[in-house]
Amino acid sequence: MADPLKQFKIEPIVPIEIGGIDLSFTNSSMWMMIAVAVSVIFMSIATRRPAMVPNRIQAFAEGMYEFIAGMVRDNIGSKGREYFPMIFTIFVVVLLGNMLGMIPYSFTYTSHIAVTMGLALAIFLFVTILGFVKHGTHFFSLFCPAGVPWALKPLIIPIEVLSYLIRPVTLSVRLFANMMAGHLMLKVFAGFSVLMGVGLGLVPMFFNVALIAFEVLIAFLQAYVFAILSCIYLKDAIELH
Amino acid sequence: MTEKDPRLEKIKADLEAKKKVEAKTESIHSKKFEGTESMSTGLRAGAELITSILAGGLIGYLLDQWLSTTPLFLIAMLVLGVITGFVNVWRTTQNIGYQVGYKDLKDKTDNNTIKKDG
């Protein structure tokens with residue numbers, strides 16, 4: 001049986017080392033490049049000849065745009081319009097990372113915590129700096145919610161501070177754990193098929209068919225959750241309550 | 001005001017009909033995303049609970065290492081992490097999302113439905 005963890009192994013394609021730091025171009029970087037290329041080419045084709053009655057590609061791109069625009073509008077409000085490009089980019093990066101990982105023999109870069117943590121920390125730092133730029137030290141009132149009785153404040157404030165600090169952790173661990181667990185499960189069930197042979201091995205195979213459909217759903221949902229949480233965090237920084 | 005303009009009446013009736021159709025499409029639209037919404041909420045809740053506890057423990061452990069007060073901060077932060085995890089899960093189920101603070105909740109449910117036992 002093939003090692004189910006082998007699919008997560010990072011292999012350097014072009015080894016580069018600068019000043020003792022490994023900066024190799026790996027299979028992970030390659031699939032990130034592919035994601036960038038796919039999104040740029042797709043969007044260019046979709047918006048090349050905009051028609052009043054859109055063709056399929058244009059309708060798909062517009063649907064995606066409206067999905068994220070609606071998300072930003074619902075969660076941040078009209079003030080969030082200037083952050084739409086950021087949310088859209090985050091959504092596309094995560095979605096393509098998850099979806100390209102569903103192709104056999106590909107590499108899922110979102111199944112590595114280094115990648116998801118990098119994304120989540122970037123969002124976290126951006127939101128925190130934005131909050132301080134917009135509100136100054138008044139930003140700390142985020143940790144002391146209005147309408148809490150005095151007696152509860154020593155308990156509520158540490159809870160709020162901790163919930164704020166763990167945001168990048170939850171954001172990244174959720175995405176990485178879901179993607180890794182899903183791909184691991186697929187591989188393990190595929191391994192069962194190989195072990196059980198032609199007759200009985202069909203059972204895990206059919207199970208795998210259902211699992212792949214489920215994985216596609218999870219791939220979309222995780223991108224959705226990642227984007228919507230970025231929206232919610234941004235909202236906190238933009239308008240304090 | 002008492003006499004009725006037939007033109008206005010017609011516009012009003014048209015508007016009502018249009019509103020009805022709009023409400024119907026709206027409900028269909030929202031139903032389509034209902035499953036996605038509730039599933040994403042479920043996915044969020046689990047991760048929130050686990051990472052809160054782990055992160056609390058980790059912060060406590062690091063503080064202990066730094067101040068050499070083992071195991072004071074580990075225990076305190078672990079307890080805090082557990083409380084935070086449960087509060088955040090509770091917050092998700094109250095449908096107020098992940099916003100820090102309770103003012104929105106108070107505004108939304110201005111009568112007795114609010115429970116402030118967090």
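## A tour of chains A and B

From the N terminus on, the elements of chain B run α-α-α. The model is predicted: local features need pLDDT of at least 70, side-chain atom pairs count only at pLDDT 80 or more, and totals for chains, interfaces and linings use all residues. Residues are numbered from 1 along each chain as its sequence is written, chains are lettered from A and ligands numbered from 1 in the order in which they are written, and side-chain values use heavy atoms, with hydrogens and water left out.

**Select chain B.** Three helices and zero strands make up its secondary structure; helices (H or I, at least four residues) and strands (E, at least two) are DSSP runs, numbered from the N terminus. Of its 118 residues, 27% count as buried, where buried means under 20% relative accessible area, exposed over 50%, and partly exposed in between (1.4 Å probe, protein chains only). The accessible surface of chain B comes to about 8500 Å², with 64% belonging to carbon and sulfur atoms; such areas come from the Shrake-Rupley method with a 1.4 Å probe, and for residues only the protein chains shown count as cover.

**Select residues 27-46 of chain A.** This is helix α1, whose 20 residues reach 28 Å from the first C-alpha to the last, close to the 28 Å expected at 1.5 Å a residue; the expected span is 1.5 Å times one less than the number of residues. Among the buried residues of α1(A) are A:Trp31, A:Ala35 and A:Ser39. Their cover includes β1 (12-14), β4 (25-26), α2 (56-75), α3 (84-100) and α4 (113-135) of chain A.

**Select A:Ile18.** This residue lies in strand β2 (residues 17-18) of chain A and, because its relative accessibility is 52%, counts as exposed.

**Select A:Ile68, A:Met71 and A:Phe91.** Of the 53 residues in the largest nonpolar core, these three touch the most other members. A nonpolar core is a set of buried Ala, Val, Leu, Ile, Met, Phe, Trp, Tyr and Cys residues joined through side-chain atoms within 4.5 Å. The largest share of this core, 16 residues, comes from α7(A). Leaving aside neighbours within four places in sequence, A:Phe91 is in contact (heavy atoms within 4.5 Å) with A:Met64, A:Phe67, A:Ile68, A:Phe220, A:Ala223, A:Tyr224 and A:Ala227.

**Select A:Ile159, A:Ile166, B:Ala55 and B:Met77.** These residues are among the seven of another core, which lies apart from the largest one.
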